[in-house]
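Student: I should like to learn how to read a structure of this kind. May we work through it one feature at a time?

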Amino acid sequence: MKRLFEGGMRNKQLLSWVAVVVIVGALLLPLVISIPLLAQEFEEAALEQAAAEEIVGEEVPVQQIGRDVHYGDEGIVQGPPAPVTSDNENDYPRYNFESRVIIWVATQQHLYYGSFVLAVPIFVMIIEFIGMVTKDRSMAKKYDTLAYDFIKISIVAYSITAILGGVLVFTFMILYPTFWTYMTKIFHPAMHVYVLLFLAESGTLYIYYYGWEAMKEGLLKWVHLTMAVFLNVFGTVLMMLANSWATFMMSPAGVDAEGQYLGNVWLAVHNHLWNPVNIHRLLGNMVFGGGIVAAYAAYRFLSAKNDEERAHYDWMGYVAMFIAVAFLIPLPFAGYYLMREVYAYRQQMGITLMGGLLAWLFIIQAVLIGALFLTTNYYLWQGMERMRGAERYQKYIKYMTFVLIVCFLVWLTPHTMVMTPTELKEMGGQQHPVVGNYGVMSAKNGAVNIIITTTILSFLLYQRCNKIPTVSWARYGNIALWMLFGGAFVNIIWLAIYGYYIPANVRVGLSVPQVVSTLSCLFIGTAINLLMMRGAKPTGPVEWGKISVRSQYAIFMLATSFTWMMGLMGYIRSSVRLHWHVNEVMRDNSPWAFTHTIGFAANMISFNVLFFWVTLLFVFWLGTLGTKKVVVEKVRVVTVPAPATSH
Amino acid sequence: MDLLKNKPLLFKLWIGLLGAILVLLALNNYRVNFSGNSRLLPVSLGLFTAATFMLGIYFQKVRVVMHGAAFMIVVAAAFAGFANWLPQTIGEPPALEESVEDITSLSPQELADLGEKLTFGKGKCSLCHVFGSSEHGERAPNMFGLAARANEIVQLDSYKNRDTIQTVAYDGSGIAENAVEYMAESHACPNCYVSPGYGKRGTNDRESPMPAIHKPPLSLTIDEMVAIDTWMYVREGLDAPPIDDMRLAYEKFIPEDERPQASAGGEEAGSGGENPLLTTGNEPLPDLFEKAQCTICHIIPGIPGADDADFGPELYVKTSAPKRMKDKGYTGAASSVQEYILESIMDPNLYVVPDFDEDLMPDDFGTTLNAKTLFRIINYISQLEEGKTPPDYEKM
């Protein structure tokens with residue numbers, strides 16, 4: 001009997017392993033299809049086939065050969081050249097309004113909702129998994145409920161995404177028919193795959209959501225998690241396909257210089273900027289999704305009727321915020337990779353972005369980043385109120401605030417200003433004699449590194465504020481932390497000052513040791529802190545729900561800023577094509593081929609952000625309608641480790 | 001009647017109406033200023049904020065939604081307001097290029113239209129200059145009001161007693177005396193007078209970063225420059241000076257042998273029926289590079305007088321060519337340094353070195369340089385290696 005039982009266990013283990021292998025395999029699928037080698041193999045096969053056809057069939061009509069604009073290889077022409085449009089009713093039918101603005105709104109709204117419904121299942125999957133492997137039953141249940149709460153929000157958003165997708169397609173067909181026809185002639189096979197994947201994703205999502213209760217135990221729970229994996233695989237591939245259309249417009253491939261399709265859709269999909277955008281969008285979606293769920297939690301916190309609800313939604317907001325900020329950290333690196341590939345693709349495009357027409361938009365981005373960091377710190381400090389013992393660290397907050405504000409101001413100082421000739425004369429040049437010194441790269445690099453390092457410090461204080469370390473080496477650990485952060489601050493500031501005295505080409509190299517200081521604080525500092533907190537004596541539980549109302553507005557601020565930043569960066573990515581529908585292949589000859597002023601763009605972005613949030617608040621409100629009777633678990637007095645330290 | 005007695009309800013009705021009015025005002029502001037003065041659009045956001053916040057105070061059931069929305073509007077308004085405070089520039093698409101026929105047959109408006117196309121197209125003026133009344137030129141002066149301003153500039157002491165690296169267009173040309181001549185002089189000799197604050201970095205406004213636009217690579221003809229000047233007047237509602245006056249102004253600052261022709265070679269090769277080839281191939285190497293126009297844009301290590309141009313990359317080709325041929329952006333078929341140089345001369349856009357403009361290098365050197373010239377250029381350049389002394393040009 002015992003043996004049989006053990007056998008059963010082994011079978012279960014075996015099945016679990018099979019499930020894990022399937023999950024990992026499925027997760028790797030999008031990676032496999034994005035390998036550049038595959039594209040070449042496809043292409044070689046196509047050429048071989050063409051060659052074979054030429055040898056075998058003598059009666060084959062003469063085929064026109066074109067050279068791929070990106071890959072540089074030859075292929076058989078299978079489509080018409082990119083249409084040369086002109087400003088008329090056939091190419092650009094219109095209402096009495098700028099068609100580009102209509103497309104702008106439709107695309108942005110679809111993207112906002114799309115990003116949200118793609119991101120949420122990813123962290124639902126992670127949280128469900130954490131819940132499954134957590135040994136503490138009450139915590140496991142708590143994670144599971146949280147995962148369910150998350151997916152519930154995305155269900156309504158999912159149908160809105162689909163509706164907006166339809167709106168977008170119709171808008172393209174109505175306002176830009178010639179362009180749309182050209183795109184569909186190239187991408188129609190991928191578009192069919194897209195539709196099928198969408199069906200698969202919808203089906204999986206509904207089974208996943210409605211099957212939550214029925215599949216909550218044993219092996220079925222693993223099956224349930226596997227569905228989450230497939231849901232994400234479908235979603236990610238779906239996103240990658242849509243990305244390929246946008247990146248084809250930026251860096252076309254699979255067509256010749258006249259825009260004639262060369263018969264291999266895979267090459268068109270796998271254009272130069274496809275993968276960099278894929279990575280950037282995936283990470284960006286996570287940040288955005290985290291921000292929205294956090295805002296939802298803040299909304300529920302503020303409208304909560306009792307302490308239990310407040311505790312639950314405070315915790316939910318914290319976890320979502322943590323996810324958002326965790327994915328925010330690698331995002332600049334993905335951005336850097338994307339920008340590097342833009343430069344590699346066309347130098348001119350890179351210059352337009354960083355030093356030309358669109359450069360001021362990156363100043364706005366800098367302001368947004370500064371605001372994000374200030375708000376994150378503020379939220380963490382407010383969060384300390386939940387814990388007894390935090391008083392020990394309160395006294396440092398005023399110094400950190402001072403440092404952050406000074407650095408923020410330096411970070412914001414423009415290099416040159418818009419001035420009248422008289423003002424220019426009075427100031428004695430383009431740069432102010434005093435303030436101008438802070439508008440240069442050396443000062444800004446120093447400032448932003450100090451901002452990030454201070455944020456890391458805030459986070460470490462947050463982690464330890466209700467614990468007293470009991471490890472024997474605690475004193476040395478504290479000394480090490482002091483030295484680590486002190487050293488980093490000194491190094492960053494010293495290099496920032498030193499940068500004024502050396503030529504620009506040498507100065508560029510200084511940012512490396514500065515970033516190393518910052519990253520050392522992040523990784524080494526967090527590691528030392530975590531080790532010190534092992535077996536630490538708690539000074540009291542985390543009293544979820546005991547946090548100020550202001551903190552929830554900080555979450556709103558973060559969510560709005562994420563949304564705004566996404567609108568801004570999306571605008572930059574799209575407008576860098578300038579007067580091309582498809583860069584260097586199909587010219588935009590509509591009356592709207594010009595690039596708007598940044599003020600106009602910012603107004604549009606604000607409009608899109610607010611439109612999105614107004615509709616989303618409506619979705620949130622819908623969400624509360626169905627949950628009136630749900631009993632929220634009592635969590636306020638349960639001692640739970642801060643999720644930040646547990647995953 | 002009940003409604004009138006129910007004071008709280010009546011009050012809420014008023015508040016609701018006030019909120020609705022604010023929202024309508026905000027929407028109207030959007031409608032009126034959407035395509036016009038877009039800097040006023042954040043006002044709408046302010047009105048929306050006031051309306052939602054007020055409704056949030058008096059309508060308790062939607063309090064959280066309203067306050068959350070009001071807060072978000074404030075944040076979005078702040079970002080939009082900041083962006084509207086920054087310098088505003090519209091990026092116009094380049095015009096489709098057209099060749100100039102006989103410009104005297106064109107009306108002033110047609111000539112101005114042509115000038116506008118050239119400004120944003122072949123002339124590449126908009127790479128550095130801006131043209132809107134409220135725009136700020138980062139790299140070069142704003143061209144708005146130039147026609148009026150030019151008359152004042154030529155009267156300035158700093159203009160008459162100039163201290164620049166080149167004070168006259170050529171010996172005996174003299175300086176400009178009126179606006180028309182000033183424009184011609186600025187185009188033909190950008191170094192003759194540098195607008196304060198727009199000099200090459202580190203030269204204290206003694207040297208201009210602008211190239212002479214009648215020379216390669218831009219090579220605008222006098223008639224094309226006349227068209228551009230005409231646009232400067234017409235777009236501001238001014239009467240353009242007669243074409244002949246403008247032509248004369250350019251002829252004052254551009255010596256006869258430097259005037260580019262509308263079509264290269266052929267029977268129109270104006271000045272004395274010279275050979276359309278730029279070189280004979282027998283010149284000493286420094287002269288050969290200069291005549292072949294390489295030194296206008298490139299630094300050529302080891303060649304005297306070829307050490308300060310920066311429109312094209314420095315020609316350490318033995319070091320750079322192998323790397324470039326492996327670059328993803330390389331679309332040529334060369335397999336050696338020599339082949340690479342030949343290819344770059346004949347078809348410059350097969351690979352554009354990062355940081356340099358596309359289409360800047362003329363693509364007609366294949367027809368203006370003879371075989372001997374090409375051979376000698378390639379022979380010398382292919383031996384240039386970074387960190388090593390260049391070969392002795394006198395022996396080559």
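Student: Which residues of the largest nonpolar core touch the most other members?

Tutor: A general idea comes first. In soluble globular proteins, nonpolar side chains tend to be buried together. The model shown here is a predicted one. Its largest nonpolar core has 182 residues, and those touching the most other members are A:Val120, A:Phe150, A:Ala294, A:Ala324, A:Ile451, A:Ile555 and B:Ala76. Helix H8 of chain A supplies the largest share of this core, 16 residues.

Student: With which residues is A:Ile555 in contact, if neighbours within four places in sequence are left aside?

Tutor: A:Ile555 is in contact with A:Ala294, A:Ala295, A:Ala298, A:Gly317, A:Met321 and A:Tyr379. One of these partners, A:Ala294, is itself listed with A:Ile555 among the core members that touch the most others.

Student: How many residues of chain A are in contact with chain B?

Tutor: As a general idea, the size of an interface is often given as the accessible area lost when the parts come together. Here we may count residues instead: 44 residues of chain A are in contact with 40 residues of chain B. Elements giving two or more residues to this side of chain A include helix H8 (274-302), helix H12 (359-383) and helix H20 (598-625) of chain A. H20(A) gives the most, with 12 residues. By class, the side of chain A that touches chain B has 29 nonpolar, 15 polar and no charged residues.

Student: At what angle do helix H6 and helix H8 of chain B pack?

Tutor: Two packed helices are described by the angle between their axes and the distance between the axes. Helix H6 (residues 146-153) and helix H8 (residues 179-188) of chain B pack at an angle of about 95°, and their axes are 8 Å apart. Angles of 65 to 115 degrees count as roughly perpendicular, and therefore H6(B) is roughly perpendicular to H8(B). H6(B) makes the contact through B:Ala147, B:Ala150, B:Asn151 and B:Ile153, and H8(B) through B:Ala179, B:Tyr182 and B:Met183. By class, this contact has 6 nonpolar, 1 polar and no charged residues.

Student: Is B:Ala188 buried or exposed?

Tutor: B:Ala188, which lies in helix H8 of chain B, is buried because 26 other C-beta atoms lie within 10 Å, and the cut-off is 20 or more. Beyond its neighbours within four places in sequence, B:Ala188 is in contact with B:Ala169, B:Ala212, B:His214, B:Tyr250, B:Phe253 and B:Ile254.

Student: Over which residues of chain A does pLDDT stay under 50?

Tutor: Where pLDDT is low, the predicted coordinates should not be read in detail. In chain A, pLDDT stays under 50 over residues 629-647. For chain A as a whole, the mean pLDDT is 84, and 85% of its residues reach 70 or more.

Notes. Residues numbered from 1 in each chain as written. Chains lettered and ligands numbered in written order. Predicted model: local features only at pLDDT ≥ 70, side-chain atom pairs only at ≥ 80, totals over all residues. Axes fitted to C-alpha atoms, helices over the stretch in contact; angles between N-to-C directions. Helix = DSSP H or I, 4+ residues; strand = E, 2+ residues; numbered from the N terminus. Parallel < 35°, antiparallel > 145°, perpendicular 65-115°, else oblique. Contact = placed C-beta atoms within 7 Å. Nonpolar A, V, L, I, M, F, W, Y, C, P; charged D, E, K, R; others polar. Core = buried A, V, L, I, M, F, W, Y, C linked by C-beta atoms within 7 Å. Buried ≥ 20, exposed ≤ 12 C-beta atoms within 10 Å, placed from the backbone. pLDDT = per-residue confidence, 0-100.
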